[in-house]
Amino acid sequence: MPHTARSGSAAADRHLSCLWCGRNIVESEAGRRRRYCRQSCRQRAYEHRNSLKGTGIPDDSVVLSAQEAADLADRWFAARCAAEDVATAVEEGAGHDELAMLSRTLVELTREAERLR
Ligand SMILES: [Zn+2]
């Protein structure tokens, strides 16, 4: 999504994430608020709610498999390492090109880390 009306930083843009997978939702032109990034996420969420019926687990719970939780932790760990690389490079007085490369990596990894699944 192009940042046409920035007010300081990209973080100021309204952030919506898919209730199923956590990916960023691109708003449709019609302006109707979407809760899922795609049809398959809507479907999985519906199946998930049905599977929780009668279990006492709230149907808006986020339930991750052990593997999904481990993968999420791995993505955040990679993002933290990239953030530490940026901090180290700044402390060591790295040049613009190196900082630009490191921060691009940081942005990519934190974007990946937003995913729940
Ligand atoms: Zn999704």
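Predicted model: local features only at pLDDT ≥ 70, side-chain atom pairs only at ≥ 80, totals over all residues.
1. Read from the N terminus onward, the elements of the chain follow the order α-α-α, and the count for the chain is accordingly 3 helices and 0 strands.

2. As for burial in the chain as a whole, 5% of its 117 residues count as buried. When contacts between residues at least 6 apart in sequence are considered, 42% of them join residues that are at least 24 apart.

3. Helix α1, which covers residues 39–52, has 14 residues, and the distance from its first C-alpha to its last is 20 Å, close to the 20 Å expected at 1.5 Å a residue. The number of buried residues among the 14 of α1 is 1, so this helix lies largely in the open. Just after α1 comes Gly-54, whose phi is positive, at about 80 degrees.

4. The next point concerns the packing of two helices, a relationship that is described by the angle between their axes and the distance between the axes. Helix α2 packs with helix α3 (residues 96–113) at an angle of about 160 degrees, and their axes are 8 Å apart. Since angles over 145 degrees count as roughly antiparallel, α2 is roughly antiparallel to α3. The crossing in which α2 passes α3 is left-handed.

5. On the α2 side, the residues that make this contact include Trp-76, Ala-79, Ala-83, Val-86 and Val-90, while those on the α3 side include Leu-99, Leu-102, Leu-106, Leu-109 and Ala-113. Charged residues also take part, among them Arg-75 and Asp-85 of α2 and Glu-98 and Glu-112 of α3. Sorted by class, the contact of α2 with α3 has 13 nonpolar, 3 polar and 4 charged residues.

6. Ala-69 has its place in helix α2, which spans residues 66–91. With 13 C-beta neighbours inside 10 Å, Ala-69 counts as partly exposed, because that class lies between the limit of 12 or fewer for exposed residues and that of 20 or more for buried ones. The C-alpha atom of Ala-69 is separated by 8.2 Å from that of Arg-117, although these two residues are 48 residues apart along the chain.

Conventions:
Residues numbered from 1 in each chain as written. Helix = DSSP H or I, 4+ residues; strand = E, 2+ residues; numbered from the N terminus. Expected span 1.5 Å × (residues − 1). Contact = placed C-beta atoms within 7 Å. Axes fitted to C-alpha atoms, helices over the stretch in contact; angles between N-to-C directions. Parallel < 35°, antiparallel > 145°, perpendicular 65-115°, else oblique. Left-handed = near helix turned anticlockwise from the far one by under 90°.
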